[in-house]
Structure formats: structure tokens, C-alpha cells
Amino acid sequence: MGKNKLAKFAEMETFPHVFQFPFARLQQEDFPLKGEWSKSFFKNDNPIVVELGCGKGEYAVGLARRFPHKNFIGMDVKGARIWTGAKESYEEGLDNVAFIRGEIEMLESFFGSDEIDEIWITFPDPQMKKTSKRLTSTRFLNKYMSVLKPEGIIHLKTDSPFLYIYTKALVELNQLPIQVITEDLYASGKADEILEIKTYYERQWLDRGLTIKYIRFAPIHNDELVEPDIEIEPDSYRSFSRSRRVQ
């Protein structure tokens, strides 16, 4: 691990709104704020919104600025990425945003039942080879439903045609109520002050002329979800590994 990353991890240890709990640490101790975020950390009853795979935290921080009467938590396994949003929000004195460095697979270790109001999934790896790793798969939706309130909602914002088609098919197959859906967000007229926040990856895709897709839907608790049995053409502009783009 490079010295720069180690320095960022060390600095984040000094931030009161950053919690570094990778899998190994969770094996040794329980996360202290599970089910207690409102009471023990934010100290209010405002809605809690979680951004999964938050990267540099653009959405978590951007939303926290716009909506002081909501609480926001960015979650990512990459601490060096989180550092950017964590430092920015710390220096601005934002008291309605926090960050978790931990695996999304362990979501239920960080949040209690009915603790979250909204989940944002912003530009995740589409995982075209492995269904179970897709952040909108039935595996993950079941995890989300265990921590979302009954009226909770999920947002997906993606550049990937593959992930958009897959998620749309899954949502429709399971008859999950769709609130907003578009294949081209910025041409649809639906990009309000929330959706106009752009992440690092989003700016890259827009610069390459790609369209941004968006789905907002409500999961239905206590229903058995099933995967869609459809063939989807892989994204043409990158390989199956998100880190290796196809020119």
C-alpha cells in the first residue's frame, strides 16, 4: 500500500464522521452505531439516506449541502476514495453527513431494521459476468429491504446500458413500483437539483458522449424476488472488468 493511501487512512481516523470497519474489523467487534444512527450520531430524527459505492462522496456531500434536514451516509470499501468527500465535508463543517469504509455485502452489520429511508446506487460496476455481484440483483435487494423502511426507495444512476436493462427487467418482473425511469436523464427534463449532481465517473461518461440512465423504484418487503431470465448484450465500450475500458 502506498504512503499516500496510508496517510489518507491515518487522517480519516481523526475525522469524527468517518468509520473504518472493513470485514476483518467486523469479525473482531460489532459496529457501535447499528440501529443507533439517529440517536447516537446525528442526534435527530431526520431521514437517513445512504449512498452505496460512494467513491469520492460527490453525491453524499452534494446532497448534504442541498438538504440540511436529511442525513447522508456514503459507503465504500476504498478508503482512499472516501477521503476526498470526508475531508471536504469535514472542512465545511457539514454535520449531516458521515462515511463508512466497509463492504456493501456487510450492509446489515452497519444498519438496523427500518433504519434507512433511501438508498442511492451511483455508477456501480455492472458486473456483467456475475449476477450475484450486481448491486441491483435480488441478493442485494434483499439486503436493502432488511434495512429500508417500508416506504423506502432505491435510486440507480448508471451509464451502463447492460445494468439499466437488467435492473429494469428485474423491477418489472417482480412488479416493484417504478416512480421514475429514463434512458437519457439529461434529455428527459427529469434532471432536477438532486439528479444534476455529477460524480467523477459520470463526468467521464458524459465527456465520452454516453447517456445517463436513471431508475427510482420502491422495493416491496416480504416478497420473494426472482431474477429475470433474459439475454442482455454486453456494454460495447468496456470489457467485463470496469477498470479495463474498451477503446
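Which backbone oxygen does the side chain of R203 reach? I looked this up first. The side chain of R203 reaches the backbone oxygen of K198, at 2.9 Å. I count a polar contact as a pair of N or O atoms within 3.5 Å; within protein, one must be able to donate a hydrogen and the other to accept it, and residues adjacent in sequence count only if both atoms are side-chain atoms.

**Ground rules**

I am reading a predicted model, where local features need pLDDT of at least 70 and side-chain atom pairs count only at pLDDT 80 or more, while totals for chains, interfaces and linings use all residues. Residues are numbered from 1 along each chain as its sequence is written, and side-chain values use heavy atoms, with hydrogens and water left out.

**R203, continued**

I placed R203 in helix α10, residues 200-207. Helices (H or I, at least four residues) and strands (E, at least two) are DSSP runs, numbered from the N terminus. R203 has a relative accessible area of 38%, so I noted it as partly exposed. On this scale buried means under 20% relative accessible area, exposed over 50%, and partly exposed in between (1.4 Å probe, protein chains only). Leaving aside neighbours within four places in sequence, R203 is in contact with E58 and K198. Contact means heavy atoms within 4.5 Å.

E58 is one of the buried ones, along with Y59, A60, V61, G62, L63 and A64.

**The sheet**

Next I traced the strands. Eight of them form an open sheet with mixed pairing, in the order β1-β4-β3-β2-β5-β6-β8-β7. β1 (18-20) and β7 (178-182) stand at the edges with a single partner strand each, so one side of each is left without a neighbour in the sheet. The twist averages 15° from one strand to the next. Two strands pair if DSSP finds at least two bridges between them.

I then checked β5, residues 116-122. Four bridges join β2 (residues 48-52) to β5, and the two run parallel. V50 stands opposite I119 in β5. Six bridges join β5 to β6, again a parallel pair. Here T122 stands opposite K157 in β6. Eight of the 11 residues of β6 are buried.

**After β5**

I looked at the loop between β5 and α7. F123 is found there. F123 has a positive phi of about 55° although it is not a glycine. At 3% relative accessibility, F123 counts as buried. Q127 has its place in the loop between β5 and α7 too. Its phi is near 45°, a positive value in a residue other than glycine.

**Helix α8**

α8 covers residues 161-173, which makes 13 residues. I find a reach of 18 Å from its first C-alpha to its last, close to the 18 Å expected at 1.5 Å a residue. The expected span is 1.5 Å times one less than the number of residues. Its buried residues are F162, L163, Y164, Y166, T167, A169, L170 and V171. What covers them includes α7 (138-147), β6 (148-158), β7 and β8 (213-217). Just after α8, Q175 takes a positive phi of about 55°.

Is N71 buried or exposed? At 0% relative accessibility, N71 counts as buried. N71 is found in strand β3, residues 71-76. Its side chain reaches the backbone oxygen of N46 at 3.5 Å. Not counting residues up to four places away in sequence, N71 touches F42, N44, N46, P47, I48, V49 and N96.

F42 is buried as well, at 7% relative accessibility. I found 14 aromatic pairs in the structure. The rings of F41 and F42 have their centres 4.8 Å apart and their planes at 80°, so this pair is edge-to-face. Rings of Phe, Tyr and Trp (its six-membered ring) pair if their centres lie within 6.5 Å; planes under 30 degrees apart count as stacked, over 60 as edge-to-face and the rest as tilted. Ring pairs link F19, F21, F31, W37, F41, F42, F110 and F111 into a cluster.

**F15**

My last stop was F15, in the loop between α1 (3-12) and β1. F15 is buried, with a relative accessible area of 4%. Not counting residues up to four places away in sequence, F15 touches W83, A86, K87 and Y90.

Note on methods
Axes fitted to C-alpha atoms, helices over the stretch in contact; angles between N-to-C directions.
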